[in-house]
Amino acid sequence: MSESNWEPKIVAIVCNWCTYTGADLAGTSRMKYQPNVRIIKLPCTGRIDPVFILKAFERGADGVLVSGCHPGDCHYNAGNFHARRRWMLFRDLLDFVGIEPERLQFSWVSASEGRKWVDVINGVTDAVRARGPFTGYQAINKEFVAHE
Amino acid sequence: MKIGVYICYCGENIGRTVDCAAVAKACAELPGVVDSVDYKYMCSDPGQNIIKNAIREKGLQGVVVASCSPHMHEKTFRRACSDSGLNPFLCEIANLREHCSWVHEDVPAATRKAIDLVRMAVEKVKRNGELEPIRVPVTKRALVVGGGIAGIQAALDVANAGFEVVLVEKEPSIGGHMSQLSETFPTLDCSQCILTPRMVEVYQHPRIKLLSYSEVEKVEGFIGNFKVTIRRKARSVIEERCTGCGLCVQKCPTKKAPSEFEQGLAKRPAIYVPFPQAVPNKPVIDRNVCTHFRTGKCGICKKVCGRDAIDFEQQDQFVTEDIGAIIVATGYQLYSISKKPDDSAIKGYGEYGYGKYPDVIDGLQFERIASASGPSSGEIRRPSDQKEPKKVVFIQCVGSRDEAKGFTYCSKICCMYTAKHAMLYKHKVHDGEAYVFYMDIRAGGKMYEEFVRRAIEEDGVKYIRGRVSRIYPSGGKYIVKGEDTLAGEPIEIDADMVVLATAMIAQPNAQKLAQVLGVPYDGYGFYQEVHPKLRPVEVSTAGIFLAGACQSPKDIPEAVAMASAAASKALVLFGSDQLEREPTVAKVNEATCIGCFYCQKVCAYNAIEVKEIRDRKGNLVKTVASVNPGLCQGCGTCNATCPSKSIELLGYTDEQIFAEITALG
Amino acid sequence: MKIGYFPGCSLGGTAKEFDISLRAVMKALGVELVEIDDWSCCGASSAHASSHLLAVSLPARNLLLAGQQGLTEIVAPCAACYSRLVIAQHEVANDAGLKAKVERAIESPLPAGEIRILNVVQLFERIGPEKLQAAKRVDLAGLSIAAYYGCLLVRPHEITGFDDVEQPVIMDAILAATGARLVDWNFKTECCGGAHSISHKPIVTKLSKKILDDARQSGANVVAVACPMCHSNLDMRQVELRKEGGHQDLPVLYLTELLGLALGLGRKELGLDLHFVRLPEQAQTAPQENRA
Amino acid sequence: MSDLCTVAKELLQSGQVKLIVGYEKGSGPHRTRPVVIRSAEEAGRLVFDHHSLNNLAVYLTRKEIKHEGRIGIVAKGCDVRAIVQLIQEKQVKREDVVIIGMACDGVVREFGLAWEREHVAPKCAVCDVRTPHLYDILVGSPAPFEPPADSQLARIEQLKAMPPAERWAFWEREFEKCIRCYACRQICPMCFCDRCIADKSVPQWLESSASRRGNLAWNIMRAFHLAGRCVGCGECDRVCPVDIPLSLLNREMALVAKQEYGYEPGRDPEAPTLIGTYDKDDRQDFIQ
C-alpha cells in the first residue's frame, strides 16, 4: 500500500459480555463505522494480558483498543476492576518508553451501547490515522520480518 | 491439520457487502484449510449438512463457520459438529455479519476484513483442544433465605414439588413485612388473613425445615453442591420444650421495650413473641433489656415455665446444611429519614421532622395504626395523644425519585399503598380529611388505576400535585407547607397527623450477606439479576436465585410471582442428577506454579484452592494452586494475573490468543 | 492568622455594626483582617438580573484583586456577597468559555490558584470552637438563641458544600461556645423576604413576623443572623409590627455581636446600640424568663 | 562488626537457625561477597559495611537452601522490604526466617568504589529505612547521614519532559544493548518464578533472541511484572553488564503505584498486594 492511501490497522481486544455484544448491537442496528478494526474476543477484560497488546503491535497494529464492561457491570463481578489497575500501570509504562497514548486506548462499552462502540472505534481510528503509521514499532518489526 | 471453512451469505445480509465467494477462495489457500465452501444459509439444514458431511468425509479436525455473531448460532454449529463426531469445542465462529457486513459499506474493504476474521479463527481453531463438559452431582435440597411472603412462597413451591427445603429467617418469626400490613391493595383483603395460613403450612410441612432467629454465616461450594453454615442465634428458650403457652410473656415484669412488630408504637416484654400469630409461636428473650441478663436477678420466666424451657446459658449454635440451590428472599426496609444515613450523598429530610414529631410517621407505622391487630385495634389514633386525627396528610416519594436528597429510583408501591392508606382512613374516620402530596401517580397493574380513582372519586381523598417543603408543629397541629403545582400556588395544611411514604431500600446487612453468598448488588444494595429481561431471577453465581424486594422494590403479587419463578429455577436444577457446565475453566500447570496465589486473590468465585504436593515419603515439596472446576466461571482473570503463566483458561489459552493476533500480521 | 476581608456595601451602611463587631471580635481573637484594596461592588441583587457576564465579572474582579494582593482566603460577611463570590468562582472554574469572556472584561487573567471564600460562619468554623471557648470571658447563660441562617448562606449546596441545606447546624454549634442555649425551631432557613424590603414592605413584614413568632414560641429571647439583609428585615420590620399591636420585641443580633459579648467586649464596641430593637442591658446574664 | 558476629554465633549455637546468609570480605578493596555459614565457628567471617551491596533476600527463595531449615539473613532496610514483599506474596513464611536487621549508613553504588559522597547508591537518596522497619534482631544504630540528591527522580522527570519520539529513541538505544543475559532477573529477589515467562516456549511468550523487538518486549514485561512489587533495591542496575538504567522503569512504576493507589511494596507483611486487589473508585479517567 502506498503512503498516500495508508490505512491504520486497529486491533480491539474486548470482553464477550459487554463490548462484543455492544458491537453486535451496532451491527443489528445497521450503524456504520470504519472497517479498520479487527476484534479479538475474550471472556472478560480480566483475561487480557498486557502482552497481548505488545503482540498486536509486533504484528503491525498501529493502534490497540481495549474495552469491557462498565465498572459494576462485569459479568464476572470484578474482572474489570482488576484489569483497570493493570491498565493504569501498563499504560503509564508504555507512555514512559515513548509510545504515544493515542496508540493504546481504553473504553467501557456496554451491551446496550452500540452507538458508543461506533463512536469509540471511529475516534480511535481517526486518532491513530492522524498519528500516522506506527513507525517506531515498524522499524523494530522490520528487522524481525527479515529473519522470518 | 484439516480445517474446514464455511462461509455464509445469510441471504443478502452478508453477501451484499462481503464477496463471499472471494472469501472462500482466499481461505482455501490458508495453511491447513482443506475445505472452503460458501453457501446461502449455513444455519439451514442443508447448510449444516455441508459441514456434517465434510467432517465425516474429509476427516476435519476443526471447523470455522463465518456467519453471524457467535451469540446467535455458535450453539447451532457446535451441535452440528458434535452430531458428526467432532468435539464441539473444535468449532469457531468468524463474525462476518454483526461485525462486518452490517457495519461497513465498502465491499473491497469489508471483504478484506472478512478474510482477516476467518484467518484469525482458523489459526485459533488449530490450537483448540477437545473439551468435555464438566459434570457435577446435584444435591436436591434448597435453602431459602428470608421468611417473608416471597421466601414462604418459594419454600412451599419447592417443598410441594417433593424436595427438601431449609428456610432461614433472621427474626423470631416468619411472616416478614406482610404480617405487619393491615389490608392489601387493590382488594382490601386482610393481610394476615391471607398470610397466616401460609405461615402455618410452612411450619407443618414435612419437607420444610424452619430455622427462625437464624442467619446465614458462610456459604462454600458451588451450584448443586453448596455447604451452608447457619448461625442459630441464642433464643434463650429451648424450642423443643416450649409449648407456646405464653405464661412467661405474661409474667415478665419488664414490659417497656419498644415492639419491633408494632414499629415502636407499642411496648413488649423482655421475653416476647413478636405477634400473636407468630410462627413458630415460641418466645425469645431480648438480652439487651432482660433484667436477668442485665443484673443477674429476676428469672421469673424460668420460675413460671412448667416445661423448664428457659435457658439463660444458651449460646449461638452453628449448623451446616448440604444445599443444591439457594433462593434469596431477604426483602427490604423502609428508609428511616430521621437518621442521617452513612451515605453522605443522601441528605435526609430533616425538615419533615420524622423522629422528632411523634405524629409524623411512616407508612409501616400507619399500617399498624390501621390494623385490627394493631396498638389501637384498628381505630385511627395519632401516636402523641391517641386522639382521632381529623386531617391527615400523606406525602409520597419521600426519598424515592429524589436525586438531591434520596434515591433516584421509584419505590413503586407507595402510590398504591398511599391511596390505600387514605382510603382506609376515610373509611374509618368519615368526617376526616385526607390529603395526598404526589409527584405522579404510578398505578400500573391489574385494577390498580381503578383503585386510585376510587380513592379520589368515591372516598374524596384530595390529591395535590406538588412537594412539601417543611413540616412544623403549631398549636397541637402540624403545619404542612408545600406547593400545589397544578394551581401554581403555595399551600399550607394544618394536619393532625402526617404519613410519609418513605423509600423502600435494601436491608441494612444486604451487602454483607451478598458477600457471603457471592451475589452482586447494585449501587443501592439491591441484588443484581443476570439479565433484566431474560434472566430476571438468576444471579451471575450459578445456583443462586432471587425472589422479592431484595432485588428491587416490589409489591406482594410481584414478590410472590418472582418467588415461584425462583422456585421453578431451583426445580429445573433438581430435575437432573448431574449438571453440565461449560468446560471453559482455568487449569493449573503444577510443574511451574510457584504458589504465589495471585490467582486466588483475583478469583471472584473462591475457585482457587491450595494444593500440597508431597513426595513419596510424604514430605511437602511445594504448595500450588488448584482450580475447582465446579466453582470456576471462566473469566480468566487468574490467567492474566499469573506471573509465571502457570494457569490457563481452556478455550482461551494464551496459545490460542497469540495465534489469533499473529494471524493479523 | 491572616484573612482577606471583603466588606461589601452593606457593611459600610445598614450593617455597619456587622463590620464593627466583626473587626472587634477578630482583634480580640488575634486574627488579622486585611481589607482587599480597591474592592468593588459584588453585583448582588441587580447584576445577575441584568447581565450574566457582569454578575460574574464583578466578583471575579474582586477575586483577582485578592489574588494579586497575595490573599489565599477571604471572608465575605454579607451572605449575598458570599453567594455571588462563590458562584462566580464556581462558574469560571467550570466553564472555560465564560472564563475567557470574564478575563477579557476585567482585562486580566484570573489567578491560577483558587482563593478560599468563607462566609462568617465558616470563618468561625475555621478559627475553631476551641479557640472561642478559650477566649470566652462572659457566659451568656441568660440568652436563648434562635440561629437564623436565611436563604443564601448554605445554598446552593452543590456550590457552597457547606452544612445541611434544610436543617443547618453549624452556626448553632459555634454559638454554643458562648454558653447560651440554642433553641430548636422551625424557620432556620425560611424566607425573610430578602430584597423586597423596600418594594413590597407588607410581604416582608408578614414573612418576618412568622419567623420572629416561631423563634419566640420556640423559647428564644434573641435571634442570631449572619446576613445584613436578614438583619434589616427582621430588626427594622419590628417597627411596623409594634404599630400593628400585640408585638413583643425580639432583639436580632449578628453572630459576631453575640460572640463579642461572650468575649467580654462592650456594647459600644460591638455596635449594639445601632439596632431598632435593642438587646436589654444585662439580658445576656439575666436569668431566663421563658426557658422552655 | 563484632556485634553482628556475636549475634550470628548465638543464633547458630542455639540452633535457632540452620544457616545464615550474610556478607564476607570480598576479593579486593571495597568489596564484599555473599556467604552462607552453617556453624558458629564461621560467624567471624561475617562483615557489614558500606560495601555490603547484594540484596540477600534473593537467596530466601533458592531451593538449594530453602529446605535446610530456618534461615538467618543479614539485611539492610532496603533488603528487608524485599523480604516483606516475599512474605506478602507467600514465598517466605515469617516464622521461617530470622531477620538480622542492619542499621545502615548507606552503600556505594558499585563494588570497588570507596565510600565517598559521589559514590553513594542512588537508592540511598530516598531511603527511609536506615533502621529496618522489621527485624528480629537489630544490629547497630544509624549515624547522621546527609542523603545525596534524588538523581533517579531527576532523570525520570527529564525523560518525561521529552516528546514521546525522543523518549522512544532513548529507550530504543538502551534496549538495543540488551544481550538477554537475564542477570537482572537472576539478581532480583522478586523474580522467584521457577520458569520465567521469558523461557516459556509453548507458546513463546517473548521473543528470546536479542533482537530490538524482543528486547523491547522483554524489558517492558520485566518492568510490568515488577510493578507494585519492586522495592527499589537497584540490584538490576548494578548487575546489568551493558548498563541499561532498568531501575528508572521500576521507579516510574513505583511512582504510579504510590501516587494512584497510595501503595508501597514491602512495607507491611500483612498488607494486600497492589495487583490482586482493587478499589471500586480506582482512577479511570483514561478510560473512555
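Predicted model: local features only at pLDDT ≥ 70, side-chain atom pairs only at ≥ 80, totals over all residues.
Biologist: Which strands of chain B sit at the edges of the open sheet?

Modeller: Start with the order, which runs β20-β27-β21-β22-β23 in chain B, with parallel pairing. An edge strand pairs on one side only. In chain B that picks out β20 (360-362) and β23 (462-465).

Biologist: What angle does helix α11 of chain B make with β20(B)?

Modeller: Helix α11 (residues 363-370) packs on the sheet, touching β20, β21 (391-398) and β27 of chain B. Comparing its direction with that of β20(B) gives about 95°.

Biologist: Over to chain C: how many residues of helix α6 are buried?

Modeller: Buried means under 20% relative accessible area. In α6(C), which spans residues 120-127, the residues that pass are C:V120, C:V121, C:Q122, C:L123, C:F124 and C:I127. The helix is mostly covered, and the count of buried residues is 6 of 8.

Biologist: And which residue caps the N-terminal end of α6(C)?

Modeller: Check for a side-chain oxygen by the backbone nitrogen of C:V121. One lies 3.0 Å from that nitrogen, and the residue it belongs to is C:N119.

Biologist: Which residue follows α6(C)?

Modeller: Its phi is positive, near 100°. The residue is C:G128.

Technical notes:
Residues numbered from 1 in each chain as written. Chains lettered and ligands numbered in written order. Heavy atoms only, no water. Pairing = 2+ DSSP bridges. Helix = DSSP H or I, 4+ residues; strand = E, 2+ residues; numbered from the N terminus. Contact = heavy atoms within 4.5 Å. Axes fitted to C-alpha atoms, helices over the stretch in contact; angles between N-to-C directions. Buried < 20%, exposed > 50% of the residue type's maximum accessible area, 1.4 Å probe, protein only. Polar contact = N/O pair within 3.5 Å; in protein donor to acceptor, adjacent residues only side chain to side chain.
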